[in-house]
Amino acid sequence: MKSTWIIALGIVVGAIVIGGQSFYQLLTSQNILNEPSGEVRLGDVYDEQLTTTVTISDADNKTPILMIMTDTDQITTAVKQELSQMVKEANETLPAHEKMRLETTYFDTNVNIELTTEVAYHSQYQNKMKVTIDDTVLSHPADDQYHFAAAVDMLNTYAQKMDTLFHQQYSFIHKV
C-alpha cells in the first residue's frame, strides 16, 4: 500500500513539474505591448515590420511635394532618390550655368516634413496590428533655405533613432 502511495505521489509531482513548465512558458511568451489605451497581448510574434512615412508638403496650402512610405532602413535612400529625380527634372529646363545639385538645392517655400514610424505585427493573438511609435512634424520657413541634402541627413539620423527605439522597446523577435 505504501508503494502505491509513493507511485501516485510521484505521478502527481511529475504532472505538477510538467504542467508548471507549460504554465511558465505561457506566462513568459505573452509579449505584451503597453499602449496608452492599455496592454495588448501579442503572444508569439511571427513577423514584425518597421516602416516610416515621409510627407513633405507646402505649409501654406498643404499641397504634398513628396510622400514616401517604405521600410525604415530604406527610407533615406528612397527620399534621396526622389529628391534627386526632382532636381534632375528641374535641371532639364535650366541653362547649363544654372544647373542645380542635391547639395545646393533648397525648398523655396514654407514646408512641413511629417515623419511617422509604425510597427506592423503579425502574432498569435493579433493577426494584423499597427502601432505608431513616432509621429513628428518639422516646419521649415522658406527663408531658412532648407537644403535637400540637409533633409536627407536629418532623415538618416531619424531612421537610425527609430531603428534603435524599435529594437529596444518594440521588437519581440530576437535574432541570434
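Helices (H or I, at least four residues) and strands (E, at least two) are taken here as DSSP runs, numbered from the N terminus. On that basis, the protein chain holds three helices and six strands, and from the N terminus on, its elements follow the order α-β-β-β-β-α-β-β-α. The model is a predicted one, in which local features need pLDDT of at least 70 and side-chain atom pairs count only at pLDDT 80 or more, while totals for chains, interfaces and linings use all residues. Residues are numbered from 1 along each chain as its sequence is written, and side-chain values use heavy atoms, with hydrogens and water left out.

A look at the whole chain comes next. Of its 176 residues, 33% count as buried, a term that stands for under 20% relative accessible area, with exposed for over 50% and partly exposed for what falls in between (1.4 Å probe, protein chains only). The chain exposes about 11600 Å², and carbon and sulfur atoms supply 54% of this area, as computed by the Shrake-Rupley method with a 1.4 Å probe; for residues, only the protein chains shown count as cover. Among contacts (heavy atoms within 4.5 Å) with a separation of 6 or more, 61% are between residues 24 or more positions apart.

A pair of aromatic rings is described by the distance of the centres and the angle of the planes. Rings of Phe, Tyr and Trp (its six-membered ring) pair if their centres lie within 6.5 Å, and planes under 30 degrees apart count as stacked, over 60 as edge-to-face and the rest as tilted. The count by this rule is three aromatic pairs. In one of them, the ring centres of Phe107 and Phe148 are 4.6 Å apart and the planes stand at 40 degrees, so this pair is tilted. It links distant parts of the chain, 41 residues apart: Phe107 sits in the loop between α2 and β5 (111-123), and Phe148 in helix α3 (residues 148-170). Both Phe107 and Phe148 are buried. Another tilted pair is formed by Tyr121 and Phe172, with 6.0 Å from centre to centre and 50 degrees between the planes. Because Tyr121 belongs to strand β5 and Phe172 to the segment after α3, this pair ties together parts 51 residues apart in sequence. Tyr121 and Phe172 are likewise buried. Ring pairs also join Phe107, Tyr146 and Phe148 into a cluster.

Helix α2 (residues 75-91) gives the most to the lining, with three residues.

Finally, a few single residues deserve a visit. Glu35, in strand β1 (residues 32-35), is partly exposed because its relative accessibility is 23%. Glu35 and Val131 lie 96 residues apart in sequence, yet 8.6 Å apart in space, C-alpha to C-alpha. Most residues other than glycine have a negative phi. Asn31, in the loop between α1 (2-28) and β1, has a positive phi near 45 degrees.
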